[in-house]
Amino acid sequence: MHVFVALFMALQAALSAPQQHPAPDGGFWHRAIQAVFGADAAAFAPGPSRTDAAADPQPDAPKIKGIYVTAHSAGGQRMASLLDLVDKTGLNAMVIDIKDDYGYITYKTDNPELLKLGTDQNYIRDIRQLMATLKRHEIYPIARIVVFKDSVLAKKHPELSFRKGDGSVWANGKGDSFVNPYNKEVWDYNVAIAKEAAKLGFKEIQFDYVRFPEGFENKADYLTFKRTDESRTDIVAGFVKYAREQLAPLGVRVSVDIFGYAASVPAAEGIGQDFVKISESVHVISPMIYPSHYSAGWFGQKNPDMAPYATVKGAMDDTHEKLEPLGANKPIIRPWIQDFTASWLGKGHYTKYGAAEVSAQIKALKDSGINEFLLWNAGNRYTADAAFGE
């Protein structure tokens with residue numbers, strides 16, 4: 001009882017004392033506690049807020065306007081034309097494959113932690129020279145790491161993947177295999193790749209395929225894999241949070257690619273992607289809002305691919321609404337947009353994409369308050385005369 005009386009008196013004194021500037025984070029309350037408990041006051045001190053923990057490690061970074069670059073392009077002749085494109089336009093960043101869609105590490109490494117599970121290739125023949133080139137051209141470097149889609153690791157270590165009844169590794173219709181997000185060893189392997197990328201000079205780590213295979217809810221019961229009682233959405237979000245914490249000392253941003261429609265629907269439990277849970281633990285969220293990936297009827301459009309402005313604007317409206325509850329903790333929104341022609345949609349359902357269509361998507365982003373974007377073209381052939389801005 002005497003303790004609380006003393007605390008009340010100390011609090012009153014702290015409140016009445018003149019202050020040149022208001023103390024942040026309830027400073028007067030902490031001083032009152034310190035007056036009573038002395039050194040033990042630390043036990044009562046408020047912990048860092050979520051905003052503090054996820055503060056942007058690069059607050060002076062430019063507004064990113066980037067392109068996707070495969071490892072083959074980054075290590076080959078096409079890189080010269082891509083550098084020229086960025087030099088001559090309002091583009092300023094490259095997202096480069098460091099662990100690709102098959103699961104290969106795209107450059108030679110002597111890091112035993114990576115080679116324990118990983119398989120390296122010589123696609124980028126001199127990774128340090130590449131980093132020096134990007135720096136010389138003032139290009140913001142982002143390392144793309146494909147996480148759970150990993151056919152190479154799945155075949156090398158089937159116990160880390162999903163196995164069928166006969167013991168063979170499961171693959172989807174395209175022949176791709178995934179590794180198990182429930183396995184902590186898989187987490188640490190991908191984080192180790194990210195740490196090496198950060199030490200090489202990449203300013204941002206972009207994790208892609210941070211999810212279970214599509215339609216996994218229809219496969220889980222007949223596949224053999226290690227699991228816990230945690231939901232798939234909690235496991236995926238848990239990996240993202242863990243990766244951010246592990247990478248924090250290296251001063252890199254952490255970003256995640258996510259299906260664009262995830263902002264327009266409740267959590268995608270099957271693949272384990274919860275738009276909000278993932279966004280809570282990243283500095284940048286990159287929804288893939290390619291108009292070609294929305295079916296008829298989305299955002300009131302009969303053929304979304306033929307309405308790039310309306311489709312992207314609708315996707316951004318849903319994204320803002322989905323992330324509104326995060327308030328000040330909302331990450332940077334930097335969408336992937338379309339710079340390719342989706343002829344597979346069939347005649348009457350697609351349009352040829354060029355400067356007008358790319359510019360329309362960028363305008364839709366700008367009209368939605370978004371000033372950052374990434375262009376996707378799997379072959380790395382980009383529209384040079386779109387309205388990228390400065």
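The model is predicted, so local features need pLDDT of at least 70, side-chain atom pairs count only at pLDDT 80 or more, and totals for chains, interfaces and linings use all residues. Residues are numbered from 1 along each chain as its sequence is written, and side-chain values use heavy atoms, with hydrogens and water left out.

I start with the whole chain. The protein chain has 13 helices and eleven strands. Both are DSSP runs numbered from the N terminus, with helices being H or I of at least four residues and strands E of at least two. The chain has 390 residues, and 51% of them count as buried. Buried means under 20% relative accessible area, exposed means over 50%, and partly exposed is in between, with a 1.4 Å probe and protein chains only. Next, contacts, meaning heavy atoms within 4.5 Å. Among contacts in the protein chain with a separation of 6 or more, 75% are between residues 24 or more positions apart.

Now two helix pairs. Helix H9 covers residues 184-200 and helix H10 covers residues 232-247; they pack at an angle of about 40°, and their axes are 10 Å apart. That angle makes H9 oblique to H10. An axis here is a line fitted to C-alpha atoms, for helices over the stretch in contact, and angles run from 0 to 180 degrees between N-to-C directions. Angles under 35 degrees count as roughly parallel, over 145 as roughly antiparallel, 65 to 115 as roughly perpendicular, and the rest as oblique. The crossing of H9 and H10 is right-handed. A crossing is right-handed if the near helix is turned clockwise from the far one by less than a right angle, and left-handed if anticlockwise.

Which residues of H9 meet H10? From H9 they are Lys184, Trp187, Asp188, Asn190, Val191, Ala194 and Lys195, and they meet Ile235, Gly238, Phe239, Tyr242, Ala243, Gln246 and Leu247 in H10. The residues of this contact divide into eight nonpolar, three polar and three charged. For these classes, Ala, Val, Leu, Ile, Met, Phe, Trp, Tyr, Cys and Pro count as nonpolar, Asp, Glu, Lys and Arg as charged, and the others, Gly among them, as polar.

The second pair is H12 and H13. H13 spans residues 355-367, and H12 and H13 pack at an angle of about 30° with axes 8 Å apart. H12 and H13 are therefore roughly parallel to each other. H12 also passes H13 in a right-handed crossing. H12 contributes Pro308, Tyr309, Val312, Lys313 and Met316 to the contact, and H13 contributes Glu357, Ala360, Gln361, Lys363, Ala364, Leu365 and Asp367. By class, the contact of H12 with H13 has seven nonpolar, one polar and four charged residues.

Ser292 is found between strand S8, residues 284-288, and helix H12, residues 308-323. Is Ser292 buried or exposed? Ser292 is buried, at a relative accessible area of 6%. The side chain of Ser292 makes a polar contact of 3.0 Å with the side chain of His293. A polar contact is a pair of N or O atoms within 3.5 Å; within protein, one must be able to donate a hydrogen and the other to accept it, and residues adjacent in sequence count only if both atoms are side-chain atoms. Beyond its neighbours within four places in sequence, Ser292 is in contact with Asp305, Gln338, Phe340, Ala342, Trp344 and Leu345.

Phe299 is in the loop between S8 and H12 as well. Most residues other than glycine have a negative phi. Phe299 is not a glycine, yet has a positive phi of about 55°. Phe299 counts as partly exposed, at 22% relative accessibility. Asn380, in the segment after strand S11 (373-376), also is not a glycine and has a positive phi of about 60°. Asn380 counts as buried at 3% relative accessibility.

Ile258 lies in strand S7, residues 253-259, and counts as buried at 0% relative accessibility. Ile258 and Ser286 are 28 residues apart in sequence, and their C-alpha atoms are 6.2 Å apart in space. Not counting residues up to four places away in sequence, Ile258 touches Gln273, Phe275, Ile278, Ile285, Ser286, Pro287 and Met288.
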